[in-house]
Amino acid sequence: MQSNVSSRGLALAPKVPVFFDVLKDLWDPESNPNGTVNLGLAENCLTHTELERFINCEPRANYHALTYGDGFSGSKDLKKALCHFMNRHFHPHRTLMPPHMCITSGASNAIENCAWALCDPGDCILVGRPYFTTFRSIFGNRAGVNIIEVNFGAIDPFSLEAVEEYGKAFFKATEQGQKIKAILLCSPNNPLGRCYPEEVLKAYMILCQKLSMHLISDELYGLSVWDNPEYENPTPFTSVLSIDTENLIDPQKVHVVWGMRFWCNGTTDWNTNQPVQHDILESVLFNFPSSLADNTAASLFLNEGFSDQLVSLNRARLSENYQYAVKVLRVHGIPYQNSNAALFIWVNLGAVVNREKMTDEVILQTLRREKLYITSGSTYASEQTGWFRIVFAHPKHVLDEGLKRLIHAIM
């Protein structure tokens, strides 16, 4: 049978995500009480009721939406609406205009487009640990771009000292004959749920300019920053779009990816100031979004009242759910890191398992037997063992059931 398929197909087969099996057996208290509780996949379910009502009340289909529309990088209406929205919420130093935008069918598509537009096969991208290791597949599977991990040891990944570690990694890789094309920041960070200070972002710009690298800022969770009462002086979110790049970096080397993860998975923009890059993206024919989704998103972004309400609701509910979840963790003495952004809690289960020292994989197997899906720090190339990522952006009954299974499995 294997002789009937390509070698590249065979190479991809083992990379099928584990969560595909989870999605086939999701827990439901009535229809599937023995199913798997999913606190691992980065889904934000906290405003789905409002979104469902909006989408069902906003018929946007028209003749134009049933054709190839305005091309493969998003409709004129959506680009205009998205610029209007981002100019209000991301406070760009230079007003965003539709020619700056490229719409894809998701953030992963947008990041892969960065690989196609900025890199040749065999080139490398620098990414700090821990990180969303699916970046390896996004850059590597089709575009053939490699990830080089940056280690920090005891250094705070959000500090100016961490920027120096990127410089060291660049020179080490260059000495080994590797070509480094960009630094990729996940800002706010996945899985740590923290934001980069403005002075640190500026330092990354200076470093990229000095070493002729691009700076790719994945700002997927930029509007999912929320209040954490127990976190003293948390760093607020700063978009690289809001920074004046003069005397820091050539603005054509700065690229921003943002998606609608503040309410669901879907349409994403890839912001650039370089026409040639847009031509490249237009030539990649298989990343364009559904015209119907495009129309719905444009309708949402143009509705200032509803979109602003959605952002506020999302932030309030994320804060509420975070506080609810960490209260359970504190009661049971499970260590965790404070955060104020994104959908995650970074927890140290390795510190509390009541058995002999267990590896991350053994802990995961224990949780799977309890029909709970979360992801391990090993999945995110964590430099320390025992850490896991819990997604708390779920309805309370799902979060309750997941935390109950977690406590039962490890305590």
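Me: How many salt bridges does a search of the whole structure find?
Reply: The model is a predicted one. Side chains of opposite charge can pair when their charged atoms come close. The criterion here is a side-chain nitrogen of Lys or Arg within 4 Å of a carboxyl oxygen of Asp or Glu. Searched in this way, the whole structure gives a total of 16 salt bridges.

Me: How many residues apart in sequence are the parts that the pair Glu304 and Arg88 ties together?
Reply: The side chains of Glu304 and Arg88 form a salt bridge, with 3.9 Å from N to O. Glu304 belongs to helix H11 (residues 304-331) and Arg88 to helix H4 (residues 76-89), so the bridge ties together parts whose separation in sequence is 216 residues.

Me: Is Glu304 buried, partly exposed or exposed, and which class holds for Arg88?
Reply: Buried means under 20% relative accessible area and exposed means over 50%, with partly exposed in between. Glu304 has a relative accessible area of 32%, so this residue falls in the intermediate class. Arg88 has 25% relative accessibility. The class is therefore partly exposed for Glu304 and, likewise, for Arg88 it is partly exposed.

Me: How many residues apart are Glu112 and Arg142, whose side chains meet in a salt bridge?
Reply: The N to O distance in the bridge between Glu112 and Arg142 is 2.4 Å. Glu112 sits in helix H5 (residues 107-118), while Arg142 sits in the loop between helix H6 (134-140) and strand E4 (146-150). The pair thus links distant parts of the chain, with a separation of 30 residues.

Me: Is Glu112 buried or exposed?
Reply: The cut-off for a buried residue is under 20% relative accessible area. Glu112 has a relative accessible area of 7%, so the residue is classed as buried.

Me: By about how much of a helix are Glu198 and Lys202 separated?
Reply: A salt bridge joins the side chains of Glu198 and Lys202 at 3.4 Å, N to O. Glu198 is partly exposed at 35% relative accessibility, and Lys202 is partly exposed at 30%. Because the two residues are four residues apart in helix H8 (residues 198-210), their separation is about one helical turn.

Me: Into which domains is the chain divided, and how far apart do their C-alpha centres lie?
Reply: The chain is divided into domain 1 (7-49 + 307-410) and domain 2 (69-302). Their contact takes 36 residues from domain 1 and 41 residues from domain 2. The distance between the C-alpha centres of domain 1 and domain 2 is 25 Å.

Me: Which residues form a nonpolar patch on the surface?
Reply: Leu23, in helix H2 (residues 19-23), is partly exposed at 38% relative accessibility. The patch has about 240 Å² of accessible area in total, and its members are Phe20, Leu23 and Leu26.

Technical notes
Residues numbered from 1 in each chain as written. Predicted model: local features only at pLDDT ≥ 70, side-chain atom pairs only at ≥ 80, totals over all residues. Heavy atoms only, no water. Patch = residues over 30% accessible without salt bridge, like charges linked within 9 Å, V, L, I, M, F, W, Y side chains within 5 Å. Areas by Shrake-Rupley, 256 points an atom, 1.4 Å probe, with all protein chains shown as cover. Buried < 20%, exposed > 50% of the residue type's maximum accessible area, 1.4 Å probe, protein only. Domains from an automatic or database assignment. Contact = heavy atoms within 4.5 Å.
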